Amino acid sequence: MPENGGVRAVKSASRAVDLLEVLAARGDRPARLRELAEELQVPRSSMYALLQTLIERGWVRTDATGSLYGIGIRALLTGTSYLDSDPRVRVARPYLAEASETLGETIHLARLDRGDVVYLATRESHEYPRTLSRVGRRLPAHVSALGKALLAERPDDRLPLADGPLRALTPHTHTDRSALLADLRQVRERGYAIDREEGVEGIAGFGFALRDDSPATDAVSCSVPVERLTEEHEQHIVAVMRDIRQRIETASPHAAGSGTPDWR
């Protein structure tokens, strides 16, 4: 059983969290008992008992037949509490709004979570239909400017990426590790990351790590349809986002003496 700081993990708690993560990852695809038992390698009887407990507590929901399972409303309440209590999100929101108004584009704040980035705040552009980067969405770090900006803050031998070929979301995604590493070297030299339709076809992104952590855990980005992206507009985006990054860093809740917990 894995240990953390010498404390033995609680098997039942780990199993409950694993179940919730599986259901959350499925999105609008409900699961059956057999599927969950097989994926988590748990006896059906044990899985059924766990599901019934979580249904009673509101963490899992089921359909009228009792045969389909999905994530429950308590997960939403917990996720909302996470955002409401996070000082970085509170600090960044007005700057995201300012950048979006200045550029007329969609601006994001996201956090690295193992090999993925999770979107914490988004200010949508009114100029074009929304992208898929809603709050709470998770994407592989290597497919987005946000993720690559954060990966570049880490040594190549410490990247939180799985072994083997990288997952492709579009024909432009880096699937070869050596190509990704070459891209990350350019990110370090340039000071920001670019993705050109690597996560969403038709959308380019410009990502800037917030450097008040070491290594950085959060980043901001600007997403823009490639049909709108002229060289002049790209230069304007980079200039505005560099300024926004610096101002968020200056207002960081991690400043010495702020009294804000240094969450890890």
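Guide: Before we start, one definition: a residue counts as buried under 20% relative accessible area, as exposed over 50%, and as partly exposed in between. Also, the model here is predicted.

Visitor: Fine. How is Arg-211 classed, then?

Guide: Arg-211 has a relative accessible area of 46%, so it is partly exposed.

Visitor: What does the side chain of Arg-211 meet in a salt bridge?

Guide: Its partner is Glu-249, at 2.9 Å from N to O. Glu-249 is buried, because its relative accessible area is 16%.

Visitor: How many salt bridges does the whole structure have?

Guide: A search finds 20. One of them pairs Asp-218 with Arg-88, at 2.6 Å from N to O. Asp-218 belongs to strand 10 (residues 218-225) and Arg-88 to helix 5 (residues 87-103), which puts the two 130 residues apart.

Visitor: Are Asp-218 and Arg-88 buried or exposed?

Guide: Both Asp-218 and Arg-88 are buried.

Visitor: And what does Asp-183 form with Lys-148?

Guide: A salt bridge, with the closest N and O atoms 2.7 Å apart. This pair also links distant parts of the chain: Asp-183 is in helix 7 (residues 177-190), and Lys-148, 35 residues away, is in helix 6 (residues 145-151). Asp-183 and Lys-148 are both buried.

Visitor: Change of topic. At what angle do the axes of helix 2 and helix 3 cross?

Guide: Roughly 110 degrees, and the axes come within 9 Å. Angles of 65 to 115 degrees count as roughly perpendicular, so helix 2 is roughly perpendicular to helix 3. The crossing is right-handed.

Visitor: Which residues make the contact?

Guide: Helix 2 (residues 33-40) contributes Leu-33, Arg-34, Leu-36, Ala-37 and Leu-40. From helix 3 (residues 44-57) come Arg-44, Met-47, Tyr-48 and Leu-51.

Methods
Residues numbered from 1 in each chain as written. Predicted model: local features only at pLDDT ≥ 70, side-chain atom pairs only at ≥ 80, totals over all residues. Heavy atoms only, no water. Axes fitted to C-alpha atoms, helices over the stretch in contact; angles between N-to-C directions. Helix = DSSP H or I, 4+ residues; strand = E, 2+ residues; numbered from the N terminus. Parallel < 35°, antiparallel > 145°, perpendicular 65-115°, else oblique. Left-handed = near helix turned anticlockwise from the far one by under 90°. Contact = heavy atoms within 4.5 Å. Salt bridge = Lys/Arg side-chain N within 4 Å of Asp/Glu carboxyl O. Buried < 20%, exposed > 50% of the residue type's maximum accessible area, 1.4 Å probe, protein only.
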